[in-house]
Amino acid sequence: MNPQDYMKIALKEAQKAFNQDEVPIGAVIVDPVDEKVIARAHNLGEHTKDALAHAEVEVMRKACRKLKQNRLWGLDLYVTLEPCTMCAAAASFMRIRKIYYAAEDVKGGAIENGVTFYNSSTCHYRPQTEAGLMADQASDLLKSFFKAKRHEK
């Protein structure tokens, strides 16, 4: 499989979130050596009433439980939106090898936008990052979700 295939899985997770009236963000943890999907997840904050239930946090927790370890050394994270500060920091603490993200988040992102967390002197581990993989599809899904939300009000 190639990076686009994994991002397609993350987009399917984002669609699940959309269908559950959650902000449509999906994430996947992959072992790049054996090309195995370890875990997949999507935003759950509204249903769990947990503001920390971002797709990235959920997928990293699932992967740790599945692998019975507290770090994700050498694994890759695919996510449909640029991680926020919390999720960027979590990926750093988890020792994610590389983060692939689709759409940039000008308002809330923390990798290329906002605080640019990995450029901070307090960041002790910096995953590799790659932006823009299937960005149009991820962005369209988010725009469609928020447009529908505005029409509800």
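**Reading the core, the sheet and the rings**

Analyst: In the largest nonpolar core, which has 44 residues, I29, L72, I96 and I99 touch the most other members. The elements that each give two or more residues to this core are α1 (3-19), β1 (26-31), β2 (36-42), α3 (55-67), β3 (76-81), α4 (85-94), β4 and α5 (135-152). Please keep in mind that this is a predicted model.

User: Which residues is L72 in contact with, leaving aside its neighbours within four places in sequence?

Analyst: L72 is in contact with I29, M60, A63, C64, L67, M94, R95 and I96. Two of these partners, I29 and I96, are themselves among the core residues that touch the most other members.

User: Let us turn to the sheet. What is the general idea, and in what order do the strands lie here?

Analyst: Strands of a sheet pair through backbone hydrogen bonds, either parallel or antiparallel. Here five strands form an open sheet in the order β2-β1-β3-β4-β5, and the pairing is mixed. β2 and β5 (128-131) are the edge strands, each pairing on one side only. From one strand to the next, the twist averages 15 degrees.

User: In what sense do β3 and β4 pair, parallel or antiparallel?

Analyst: The pairing of β3 with β4 is parallel and runs over five bridges. As one example, L77 has I99 of β4 as its bridge partner. Helix α5 packs on the sheet, where it touches β3 and β4, and its direction makes about 60 degrees with that of β4.

User: K98 also lies in strand β4. Is K98 buried or exposed?

Analyst: The reading rests on a cut-off: buried means under 20% relative accessible area. K98 has 12% relative accessibility, and therefore counts as buried. Strand β4 covers residues 98-103. Not counting residues up to four places away in sequence, K98 touches L75, D76, L77, P127, Q128, T129 and E130.

User: Finally, the aromatic rings. How many aromatic pairs does the structure hold?

Analyst: The structure holds six aromatic pairs. In one of them, Y6 and Y78 have ring centres 5.3 Å apart and planes at 45 degrees, so this pair is tilted. Because Y6 lies in helix α1 and Y78 in strand β3, the pair ties together parts that are 72 residues apart in sequence. Y6 is buried, with a relative accessible area of 3%, and Y78 is buried with a relative accessible area of 3%.

User: What kind of aromatic pair do F18 and F145 form?

Analyst: F18 and F145 form an edge-to-face pair, with 5.8 Å centre to centre and 65 degrees between the planes. F18 lies in helix α1 and F145 in helix α5, so the pair ties together parts that are 127 residues apart in sequence. F18 counts as partly exposed at 24% relative accessibility, whereas F145, at 5%, counts as buried.

User: Which residues form one aromatic cluster?

Analyst: Y6, Y78 and Y100 form one aromatic cluster.

Note on methods: Residues are numbered from 1 along each chain as its sequence is written. This is a predicted model: local features need pLDDT of at least 70, side-chain atom pairs count only at pLDDT 80 or more; totals for chains, interfaces and linings use all residues. Side-chain values use heavy atoms; hydrogens and water are left out. Helices (H or I, at least four residues) and strands (E, at least two) are DSSP runs, numbered from the N terminus. Buried means under 20% relative accessible area, exposed over 50%, partly exposed in between (1.4 Å probe, protein chains only). Contact means heavy atoms within 4.5 Å. A nonpolar core is a set of buried Ala, Val, Leu, Ile, Met, Phe, Trp, Tyr and Cys residues joined through side-chain atoms within 4.5 Å. Rings of Phe, Tyr and Trp (its six-membered ring) pair if their centres lie within 6.5 Å; planes under 30 degrees apart count as stacked, over 60 as edge-to-face and the rest as tilted. Two strands pair if DSSP finds at least two bridges between them. Axes are lines fitted to C-alpha atoms, for helices over the stretch in contact, and angles run from 0 to 180 degrees between N-to-C directions.
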